[in-house]
Amino acid sequence: MTLLNPEKVETGPLDPIKSKVVKMMLTSRMQIGEKHQKIACDRKLANYMDHCPEWLKSKDNNSKNWMDLDNKMTETIAVVRAIGAEWFLIPDDAANQEKCEQVEKILFSVMNTMVYLINKICFAPNSTECNNFDVEYARTRFMAKFQPKAKAIEDLLDGPFIMGDTLPVYADYLLYACLYDINVFCPGAYDKSAKLSEFMDKFYHYPSPIRRWFRTNEAKTGEYIRPPVPHIMELLPEELGQGDIH
């Protein structure tokens, strides 16, 4: 796969009504259709960044996580927490709340590794020599980083979901969205993981209103959070482009 002229896509603040993750979660809470979802977003999610967890908040410019190149993971975690708080998708007990936060942190790392590899290392808009996107190189580099993270996620799943064989919580929705995008970027990324494969299958077939979402055309097209191709065209400060991902 070679992209000679990747298109620049919107990288501004997340608009909840345009987020595929938000639409999935709202549908599962019986907020059906664009009209009702727009009302829910305007009334309930206008201040979703108020739900950004402490561990993710940027105290100043020096503490900003520069690997979150388009800020989408920060915003997505905040908005799924906001939906969880409003529609009862946050665990009641401290132990499972902590487990959800651990899942957030792993996914934040994994998804930002993916976006950094795609947009900075394997495409590198700062470089005058690297104009093409080497998808196979990006996939190889990513899978080496993803495999230990996948094991860490497995350890947090009581099976099939984060809290066991019960109602999925907000972090389960985030996990599904991230694994979906990862699989689009690296087909078969989690096939060797029985736990992650079971999670994706059980979530997709969960007997709740979320089934309405998976029947829609929107569920079948496009990414939940980020595309599997370069989309951040702005030049990055050179000092931030040095070194490798962790």
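Contact here means heavy atoms within 4.5 Å, and helices are DSSP runs of H or I at least four residues long, numbered from the N terminus. The model is a predicted one, so local features need pLDDT of at least 70 and side-chain atom pairs count only at pLDDT 80 or more, while totals for chains, interfaces and linings use all residues. Residues are numbered from 1 along each chain as its sequence is written, and side-chain values use heavy atoms, with hydrogens and water left out.

Take α5 to begin with. This helix (residues 135–154) has 20 residues and reaches 27 Å from its first C-alpha to its last, close to the 28 Å expected at 1.5 Å a residue; the expected span is 1.5 Å times one less than the number of residues. Several of its residues are buried (under 20% relative accessible area, with a 1.4 Å probe and protein chains only), including Phe142, Met143 and Phe146. The buried residues of α5 pack against α4 (94–121), α6 (170–185) and α7 (194–204).

Now for α4 and α6. Their axes, lines fitted to C-alpha atoms over the stretch in contact, come within 10 Å and cross at roughly 25 degrees. That makes α4 roughly parallel to α6, a label for angles under 35 degrees. On the α4 side, the residues that meet α6 include Leu107, Val110 and Met114; among their partners in α6 are Leu174, Leu175 and Ile182.

Lastly, Ile232 sits in the segment after α8 (210–214). Ile232 counts as buried because its relative accessibility is 5%. Ile232 and Leu69 are 163 residues apart in sequence, yet 7.7 Å apart in space, C-alpha to C-alpha.

Conventions. Helix = DSSP H or I, 4+ residues; strand = E, 2+ residues; numbered from the N terminus. Buried < 20%, exposed > 50% of the residue type's maximum accessible area, 1.4 Å probe, protein only. Axes fitted to C-alpha atoms, helices over the stretch in contact; angles between N-to-C directions. Parallel < 35°, antiparallel > 145°, perpendicular 65-115°, else oblique.
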